[in-house]
Amino acid sequence: MSNIPHVSNWVNGAHATASAERITVLNPATEEPLATIDATTQDTVKAIVEQSNQAFTQGPWARADASDRYAVLSKAASLLRARIPEFVELETQQTGRPIREMRAQLARVPEWLEYFASLARVYEGRVTPFKGPVINTLTRMPLGVVAQITPWNHPLLIAMKKIAAALAAGNVVIVKPSELAPLSVLKMGPLFQEAGLPDGTLQIISGYGRDTGKYLCESPHLSKIDLTGGIATYRAIAPVAALNMVPMTAELGGKAPVCLFPSLAVDDAVKAALFASFIASGQTCVTGSRLLVHRDMYDAFVELLVSRVKALKVGSPQDPSTQIGAVISRASVARCADFVERARRDGTGRVLCGGNPTTVDGKGFFFEPTVVETSPGTDLACNEVFGPVIAVIKCASEDDVVRIANTDTAFALGASVWTSDFAQAHRVASRIDAGIVWVNGHHLNDPSSPWGGFKESGVGKENGQDAFESYTKLKSTVINYGIQPTWFDPEIQGARYG
Ligand code: TXE
């Protein structure tokens with residue numbers, strides 16, 4: 001193991017001295033170690049937060065002209081775009097996701113930098129219709145030092161969504177990537193430095209969530225916490241953040257319904273379901289993990305779905321023809337297996353295909369793409385698996401689809417409605433209670449399009465103007481050019497108070 005590289009924290013514009021304790025990052029498809037990273041201690045986290053606060057109050061970034069922020073973020077986008085193949089390789093290795101998916105996903109990541117660079121450059125304040133000879137300007141100021149806790153499923157995309165918005169708004173950023181897949185994010189330090197970002201403006205620190213992540217989020221010197229992760233993590237962080245008056249954006253889990261109506265040809269419905277359900281082996285917050293199928297197409301749909309799922313190619317993520325890669329860890333394999341086992345044991349689900357752990361060349365954390373027929377209210381219908389185990393549910397009517405979509409789970413992040421009936425598309429989309437509703441699509445994402453859920457799927461939004469504004473504080477400046485402060489004069493006629 002000594003011949004694998006150690007990638008230490010990126011702090012104040014350089015890789016820091018390695019920590020005494022180290023964490024090994026595995027390739028989940030081969031179980032081979034890729035690198036070690038720091039397990040950052042409480043004292044080190046504290047020192048980094050202090051240094052970051054100095055960088056915010058004394059460094060140039062918070063005061064930089066919009067045109068300078070634009071220039072740095074645009075340059076970072078160009079540098080990243082030129083190095084996409086290298087990042088595709090790394091992302092495939094550390095996530096176990098098929099290289100075909102990583103090529104498609106990473107090709108678009110520079111757009112997040114370009115979008116937020118542009119927003120920084122064109123964003124305008126406002127002037128209110130304030131009564132009297134007064135000019136009231138509303139301007140947006142950076143918040144300060146912001147913490148970003150990012151996950152392993154789309155390591156670079158999710159980190160870049162958050163980093164781009166926060167830097168565009170003038171903040172100093174401390175990112176703690178997932179200990180399971182941190183390596184692409186750690187490479188962002190030198191890349192931003194080359195783009196001209198002042199040292200100390202982007203700090204990247206590694207460690208376990210329960211230690212390093214916790215120490216970071218408990219700091220009273222943060223101005224915002226932005227988390228993508230599980231509800232348990234949110235519940236660990238949120239009380240302390242609330243006490244410290246630190247606002248949070250949280251992008252948590254989901255149980256996205258895929259609503260399939262019979263106006264759609266059966267093979268189109270099956271293609272839709274495959275796409276919604278099995279990207280990233282089902283490990284995304286918007287995975288279409290509940291197929292809500294109208295009874296008029298149910299039998300034909302299920303027959304074709306099962307034959308297509310059985311034919312999906314599980315294989316080495318490095319092989320461009322692989323369709324289903326690994327899941328992130330041995331624990332994820334066990335979680336998938338437990339869901340299937342409970343459905344079998346309790347008689348709440350019928351496994352139509354898959355259902356077992358598997359390996360590629362005798363190695364790796366793989367789980368067969370699995371479809372389980374179940375009914376509303378069951379464990380599998382309501383709870384997030386975060387793996388390639390998909391529930392299919394027969395629905396009696398459009399009302400039934402909407403009711404199950406809205407009431408079966410506490411999540412409300414993504415949902416998709418598939419129909420060729422124009423009026424039905426609008427009708428159902430308007431009734432679904434979710435942060436993102438796609439009509440005849442799924443997974444569609446753009447830096448300009450707000451992304452975030454309702455209910456237990458989280459609070460706040462990534463992407464778009466909303467995300468940019470969430471990284472700012474609104475300042476109201478009231479400029480009086482005609483009201484005299486005569487309130488306490490002997491002659492009080494016409495004096496104005498408010
Ligand atoms: O996430 P964790 P896990 C959901 C999904 C999944 C579940 C658990 O439901 O099954 O979360 O996944 C850091 N203080 N999503 O265990 O642990 C951790 O180090 C501060 C949905 O992998 O939440 C990592 O950087 N930080 C999601 C990050 O939180 C803490 C993507 C996410 O890891 C911490 C991932 C603590 N106490 C999981 N504990 C999506 N929306 O895409 C952990 N972390």
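Modeller: In this predicted model, the shell around the ligand holds 23 residues, and those that come nearest are Trp152, Glu179, Thr233, Leu252 and Glu384. Two of these five residues can be followed down to single atoms. Glu384 places a polar side-chain atom 2.2 Å from an oxygen atom of the ligand. Leu252, by contrast, is involved through its backbone: an N or O atom there lies 2.7 Å from a nitrogen atom of the ligand. The backbone of Gly230 also takes part, with a polar atom 2.8 Å from an oxygen atom of the ligand. On its own, the ligand has 800 Å² of accessible area, and the protein covers 83% of it.

As to location, the ligand sits in the largest pocket. The elements that contribute two or more residues to the shell are α9, which spans 209-217, and α10, which spans 231-243. In terms of domains, the shell takes at least three residues from domain 1 (6-252 + 457-477) and at least three from domain 2 (256-439). Finally, the shell may be described by residue class: 9 of its residues are nonpolar, 9 are polar and 5 are charged.

Terms used:
Residues numbered from 1 in each chain as written. Predicted model: local features only at pLDDT ≥ 70, side-chain atom pairs only at ≥ 80, totals over all residues. Heavy atoms only, no water. Near = heavy atom within 4 Å. Polar contact = N/O pair within 3.5 Å; in protein donor to acceptor, adjacent residues only side chain to side chain. Areas by Shrake-Rupley, 256 points an atom, 1.4 Å probe, with all protein chains shown as cover. 1 Å grid on protein atoms, 1.4 Å probe; cavity = no way out; pocket = protein on both sides within 12 Å on 5 of 7 lines; lining within 4 Å. Sits in = over half its atoms within 2 Å of the grid points. Helix = DSSP H or I, 4+ residues; strand = E, 2+ residues; numbered from the N terminus. Nonpolar A, V, L, I, M, F, W, Y, C, P; charged D, E, K, R; others polar. Domains from an automatic or database assignment.
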